[in-house]
Amino acid sequence: MNKKTIGRLLFILSIALFIFQMGYLFLHASYELEYVDNRLFYAFNILIVAGMVVSIFLLFTIPKTWKIVSYVTAGILILLQGGLILNQSQQTKQILSFSPDMKNQFVLKEDRKTGEAVYYRTYYRIFARPKEVLPYETQGKFKLKWLENDIAALTYRASDNSIHQYIGTYGARDSGISYTYVGPTIQGKWEGNGARIDSRPEGISVNYNGKSGQYSWDDVVQFGTIAIVLMNDGEAEWTIGLNENFQSHSNDPKPPSGEITLYQASLESVKPVRLTFVK
């Protein structure tokens, strides 16, 4: 491939990326669509400038003086975009995490000044729209754990030092035909690795490593149709998620099958516990 061909390809790609950026600005203004990482906008601008300069040098014979001017101009523009990337990093803390199977993305953006954190739903891998503002002002301390390929548990500390969890869910169980409530779905006793969960009509009890708790249905916060968070005095204590192999058998007399996961709300290193139905 000769220099002219490379130059033409770079020119076409730069123009295409420029048009893509213009389309993004329209979508952002009209539909609140954003890149999953705000810094991508400035990174693409750098690619456009670099691509255009290199393509022009490959396609045309440029006098030395104009080459120097072009290099300086391109350098200034690239440095400017680099500065904007650094400024964006200082203003916004961004969490972008892929599920283990790479099919789902958890996206969170926190305004470092106000402590407001927004959870985003993603589209086509690269775009996202704000879905929900986390209910508590944050401190910027986050821990994210994928419990399943479609369940991501975010543990964070609020400005009042309390611990909370927000669960990103990206799937359903039992074919997802209708909306289901996790608590009634797991009615009965579950055990595994020293942990026990009892889900009864009056609420849920959890026992694990000497730590136990009783939770009424008013203490249960559901996320999607496959995960719940158990609260105590306004703080999160546990997440319970339905594993991908879980089946409720709600339409037949069989007991639930598969597994559920118990995950403690802590910023320390804790491992999810898998439990199976006992009775």
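Predicted model: local features only at pLDDT ≥ 70, side-chain atom pairs only at ≥ 80, totals over all residues.

Me: Over how many bridges do β10 and β11 pair?

Reply: Strand β10, residues 195–200, pairs with strand β11, residues 203–208, over six bridges in the antiparallel sense. Within this pair, R200 has G203 as its bridge partner, and R196 stands opposite N207.

Me: What is the bridge partner of W190 in β10?

Reply: The partner of W190 is I197. The strands concerned are β9 (residues 188–192) and β10, which pair in the antiparallel sense over five bridges. They too belong to a hairpin with two residues between the strands.

Me: Where is N193 found, and is N193 buried or exposed?

Reply: N193 is found in the loop between β9 and β10. Its phi is near 50°, a positive value in a residue other than glycine. With a relative accessible area of 64%, N193 is exposed, because the cut-off for that class is over 50%.

Me: Which loop holds M102, and how is its accessibility classed?

Reply: M102 is in the loop between β2 (92–98) and β3 (105–111). M102 is not a glycine, yet it has a positive phi of about 65°. Its relative accessibility is 46%, so M102 counts as partly exposed; that class lies between the limits of 20% and 50%.

Me: How many cavities of 30 Å³ or more are found in the whole structure?

Reply: Rolling a probe the size of a water molecule over the atoms shows where empty space is left. A search of the whole structure finds one cavity of 30 Å³ or more. About 30 Å³ of space lies in the largest cavity.

Me: Which residues line the largest cavity, and how are they classed?

Reply: The lining consists of R173, D174, T180, T185, L242, F246 and S248. By class, it has two nonpolar, three polar and two charged residues.

Technical notes:
Residues numbered from 1 in each chain as written. Heavy atoms only, no water. Pairing = 2+ DSSP bridges. Helix = DSSP H or I, 4+ residues; strand = E, 2+ residues; numbered from the N terminus. 1 Å grid on protein atoms, 1.4 Å probe; cavity = no way out; pocket = protein on both sides within 12 Å on 5 of 7 lines; lining within 4 Å. Points joined across faces, edges and corners; volume = space filled by probe spheres on them. Nonpolar A, V, L, I, M, F, W, Y, C, P; charged D, E, K, R; others polar. Buried < 20%, exposed > 50% of the residue type's maximum accessible area, 1.4 Å probe, protein only.
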